[in-house]
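The following note sets out comments on the structure shown below, as numbered points for discussion.

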Amino acid sequence: MARSTFTILLGGALSPTDRLAHQLAASRFIAADGGMRHARLLGIVPDVWVGDFDSTEEALLADYASVPREPYPAAKAATDGEIAVEAALSRGADRLIFAGALGGTRSDHAFMHLLHAVALAERGLSVLMTSGEEEAYPLLAGSLELDLPKGCLFSVLGLTELTGLSIVNARYPLDDFTLPFGSSRTVSNVAEGPLRFSLKSGRAIVLARPYDLSGA
């Protein structure tokens, strides 16, 4: 059965790479507040625009006046990104791409996006976070396969202790490894092509840089 993919436009950095264009093909779009600025870059018009609009310039509001808006008060109990996710889920999304989720001027928001991605994966959703140049994927108990170019850098960041971690097709493979919480052992590895991960328990994020071949 085909997945229903929605891309959430967030306010972080975004580069229009070929890999990003391929990932966004056939996706529907929801803009979260100032993330609407990426719509022109991507050549798309979102289904809906949500948020408190405190980081949106007047010119952007005028340029996309035809896009339906769902405004929320500034004193709300969720980020604009989280509100956008709920809008996507209410429209049948089972695969989410967060474009502009990494980097930017708000490290608190960027870190919260990573935690939210893991929580969504635990609900059974497929999740990708991307800046075009960098990608993040939740890693939970089970297996994960990533199609990455040979020579690109990647890291596994454990949000808890990880047990039974295996990494296949990497320069520094692991087999049934226990990664203590806070360890840097799995930072700066190099893909030898498509990667395969398996994990017995724990929560982690895989951060990959598909265009960074400095480890080749």
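1. Buried residues account for 49% of the 216 residues in the protein chain. The model under discussion is a predicted one. The accessible surface of the protein chain amounts to about 10,300 Å², and carbon and sulfur atoms contribute 52% of that area.

2. On overall dimensions, the C-alpha trace of the protein chain extends over about 55 × 40 × 35 Å along its principal axes. The radius of gyration is 18 Å, which agrees with the value near 17 Å that a compact globule of 216 residues would have.

3. The secondary structure of the protein chain consists of 5 helices and 13 strands. Of the contacts between residues at least 6 apart in sequence, 65% link residues at least 24 apart.

4. In soluble globular proteins, nonpolar side chains tend to be buried together. In this model the largest nonpolar core has 39 residues, and the members that touch the most others are Trp49, Leu139, Phe154, Val156 and Phe197. Another core, of 30 residues, lies apart from the largest one and includes Ala84, Ala93, Leu114 and Leu120.

5. With neighbours within four places in sequence left aside, the contacts of Phe197 are Leu139, Gly142, Ser143, Leu144, Leu146, Phe154, Val156, Ser166, Ile167 and Val206.

6. Phe98 belongs to strand β5, which covers residues 95-99. Phe98 counts as buried because its relative accessibility is 2%, below the 20% cut-off. Beyond neighbours within four places in sequence, Phe98 contacts Ile8, Leu10, Val85, Leu120, Val127, Leu128, Met129 and Thr130. One of these, Leu128, is 30 residues from Phe98 in sequence, yet their C-alpha atoms are 6.2 Å apart in space.

7. Is Asp80 buried or exposed? Asp80 has a relative accessible area of 12% and is therefore buried, since burial means under 20%. Asp80 lies in helix α4, which comprises residues 80-90. Leaving out neighbours within four places in sequence, Asp80 is in contact with Ala32, Asp33, Val50, Gly51, Asp52 and Asp54.

Notes
Residues are numbered from 1 along each chain as its sequence is written. This is a predicted model: local features need pLDDT of at least 70, side-chain atom pairs count only at pLDDT 80 or more; totals for chains, interfaces and linings use all residues. Side-chain values use heavy atoms; hydrogens and water are left out. Helices (H or I, at least four residues) and strands (E, at least two) are DSSP runs, numbered from the N terminus. The radius of gyration is taken over C-alpha atoms; the globule rule is 2.2 Å times the number of residues to the power 0.38. Buried means under 20% relative accessible area, exposed over 50%, partly exposed in between (1.4 Å probe, protein chains only). Contact means heavy atoms within 4.5 Å. Accessible areas come from the Shrake-Rupley method with a 1.4 Å probe; for residues, only the protein chains shown count as cover. A nonpolar core is a set of buried Ala, Val, Leu, Ile, Met, Phe, Trp, Tyr and Cys residues joined through side-chain atoms within 4.5 Å.
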